[in-house]
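Open the model in your viewer and keep the selection tool handy. We will walk from strand to helix to side chain, one stop at a time.

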Amino acid sequence: MPSYGSVQTTTQANSRTSWNIAAACVAAGVCTVMYAAVANQSQALYASPTVVGQTSTVTSGFVAPRFNNVGRPIGASTFVPQGAQRTSGDWNEDSTVQMKATQEPSTHLMDLGLGCLIAAAMAIGYKMGLVSKGPTEQTSLDWSMAAVADGNTDVEGAAKTLPGIAARPAGYKHEVTDGYQLEEVSRPRRNRRTPAHRAFMRETHMVPANFVAPLFIHDEDSDQEISAMPGCSRLCAASVLKEVGECMAEGVNFFILFPKVADHLKTPDGRQCYDETDIVMRTIKLIKGTYPDAIVCTDVALDPYNTDGHDGIVDPETGYIINDITVEQLCKQAVQQAKAGADIVAPSDMQDGRVGAIRDALDDAGFTGVGIMTYCAKYASAFYGPFRAALDSAPGFGDKSTYQMDPANAREALREIELDEAEGADILMVKPALPYLDIIKLLKENSALPIAAYHVSGEYSMIKAGAAAGYIDEEKVALESLLSIRRAGADLILTYYAKQASKWMNDPNGYWQSKIKGKL
C-alpha cells in the first residue's frame, strides 16, 4: 500500500506496470519457445518411423523418450544395449498415430511462446507511447487522504491542489515510510468518505417544524427592542401577525406567548392573569383568527402579573411561595386561556401538584383537547437574566430556589417525570437546554412522552454577543447548538432563533444545505 499522503501520477504508475508486463511476457515467451524446440528435436530423433530394412544404432545406455499427448516424455522407454540394431519389425502399427499426436503439443507450445513475445512487444510499445506523451492530466491520490487534486500542472511543473490547500513545491515528498499501513480493520472513516455516506449515517435530523417560537407581546402601538436580546422585540398586535406569518412561511408552526404586563395591572395574587380582556387572551384570538393552523401555546405562571416578580403568591412574613393557593390561581389562568383558543398550556411555575390540578380544571370546563406542556425540569438558573429584563419580571427579593430545581441535581428530575406523567402531562420540558443536555437525555430515556427543551435567553444572547465581537460565526454556532439539543433527545426546541435558524436551513445556497449535500 502506498504511504499515507504520497502522490503518484497516473503516468508513472502505468509506466511501471507496462515494464512489469513486458518482462513477464518476455520470460514466459522465451521459456516456452525453448521448451517447444527441445520437444520438436526429440520427436525428430526418436519418434520417426524406420524404413524397411534400415537399421539404427543407439548409443549405449541412452533411453529414447516417447511423448504423450501433452508433449511430455513417457517413462516407459526401453534400454537398448550398445551396438543393438532395430529393424522395421520393431515398428508397430501405432507408431504413425503416436508421431502425429506428439507433434501437435509442441506446435501449440510454440504458438503460445510466440504469443507471449508479441504481448511483450505490445507492452513495450505502450510504455514508449506514454513516454512520448508525457504526464497525463489526472493525478491519483491515496484515497485515505480523503481529497482528490485536479492534477493540472503549472509553469513550474508543481501539481495544483484544491482551493484552500497549500501548494506543494515541485518534487516535494512526505517524510513517511513507503508502504506503511496500520494493522487496523475497523475504520470509522469509511462511513464518512463522501456526502452520500454521511447522509445515510446521519443519526439526527432537524427541521423548522422542531422549533417553537417565543413571542414577547405588549399593549403598545409599536415594537420595542430588547437591548439584552439583540434581534428580539416586544411586539405590538400588528407585528405579532407579521411575525407569525413569516415564521409559518419558513415552516415554524408552534408559538408560545410571553406578556409584558403594565405595572398598574400587577397585584400580589396576579389576578390579571385570568382576566378575559388580558393581552394574552386577545393575542390568542388574533392569531387563531388569522392563522387557524398555527399552534398557540401559553405560559401559565404568575411572575409577569405578580408585584413581587415570583411565580406564585408570596407570604409577606416569611417570603415563602404559598404552593396550593398559587395552584388555584394557575388553574383559573389555564382555563381562561383555553377559552380564548389556546391549543396548549405550559405551566412554568414549578409548584407541586399543579399539572394534575390544571388537567382536572380543563377537563371540568370541557377542554379535554387542550394539551399540557409542563416545565418538568426547570432549574434555578442564571441563564434567565435577559428574559426577565424583557418582561420586567425579575424577583423583587431573593431567588427562585425554593421551587425551581437545584442545578446540581439530576436524579431529582426522574421524580418530576413520574409525577407529571401521572398527573396528565402531554409534553415534558427541560429548561435551560445547552447546560442541561444530560437532563434532556435523561428524560428521553425515561419517558415515552415528547421532550421539549428551552434554548433560553442567556444562551441566545451569548451567541449574539460572541458573533457581534467577531469571535464566532453566528449561523454555524447557532445551528450547531440547536442540533446538539436535538441530538440529546429534544423533539421540540423553544428558541429565539426559530425564524432565523429556519431561514438559514431553508436557504438552498446556504451553509446548512451545503453541509447536508456535501458542497462545502
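How many bridges join strand β17 to β18? Select residues 451-455 for β17 and you will find four bridges to β18, the two strands running parallel. Before going on, note that this is a predicted model, in which local features need pLDDT of at least 70, side-chain atom pairs count only at pLDDT 80 or more, and totals for chains, interfaces and linings use all residues. Residues are numbered from 1 along each chain as its sequence is written, and side-chain values use heavy atoms, leaving out hydrogens and water.

**Stop 1: strand β18**

Select residues 492-495, which make up β18. Strands here are DSSP runs of E with at least two residues, helices are runs of H or I with at least four, and both are numbered from the N terminus. Two strands pair if DSSP finds at least two bridges between them. Tyrosine 454 has leucine 494 of β18 as its bridge partner.

**Stop 2: salt bridges**

Next, display the charged side chains. A salt bridge is a side-chain nitrogen of Lys or Arg within 4 Å of a carboxyl oxygen of Asp or Glu, and the whole structure has 16 of them.

Begin with lysine 444 and aspartate 491, whose salt bridge is 3.0 Å from N to O. Lysine 444 belongs to helix α10 (residues 437-446), while aspartate 491 sits in the loop between α12 (474-488) and β18, 47 residues apart. Lysine 444 is partly exposed at 36%, and aspartate 491 is also partly exposed, at 24%.

Then select aspartate 349 and arginine 354, with their closest N and O atoms 3.4 Å apart in a salt bridge. Are these two buried or exposed? Aspartate 349 is buried, with a relative accessible area of 0%, and arginine 354 is buried at 2%.

**Stop 3: helix α4**

Select residues 237-250. Helix α4 has 14 residues and reaches 21 Å from first to last C-alpha, close to the 20 Å expected at 1.5 Å a residue (1.5 Å times one less than the number of residues). Its buried residues include Ser239, Leu241 and Cys247. Among the elements covering the buried residues of α4 are β7 and α13 (498-506), where contact means heavy atoms within 4.5 Å. Just after α4, glycine 251 takes a positive phi of about 105 degrees.

**Stop 4: aromatic rings**

Finally, colour the rings. Rings of Phe, Tyr and Trp (its six-membered ring) pair if their centres lie within 6.5 Å; planes under 30 degrees apart count as stacked, over 60 as edge-to-face and the rest as tilted. The count comes to ten aromatic pairs. One of them joins phenylalanine 258 and tyrosine 454, tilted at 40 degrees with centres 6.3 Å apart. Phenylalanine 258 is in strand β10 and tyrosine 454 in strand β17, 196 residues apart. Both residues are buried, and both belong to an aromatic cluster that also includes Phe216, Phe387 and Trp504.

Terms used
Buried means under 20% relative accessible area, exposed over 50%, partly exposed in between (1.4 Å probe, protein chains only).
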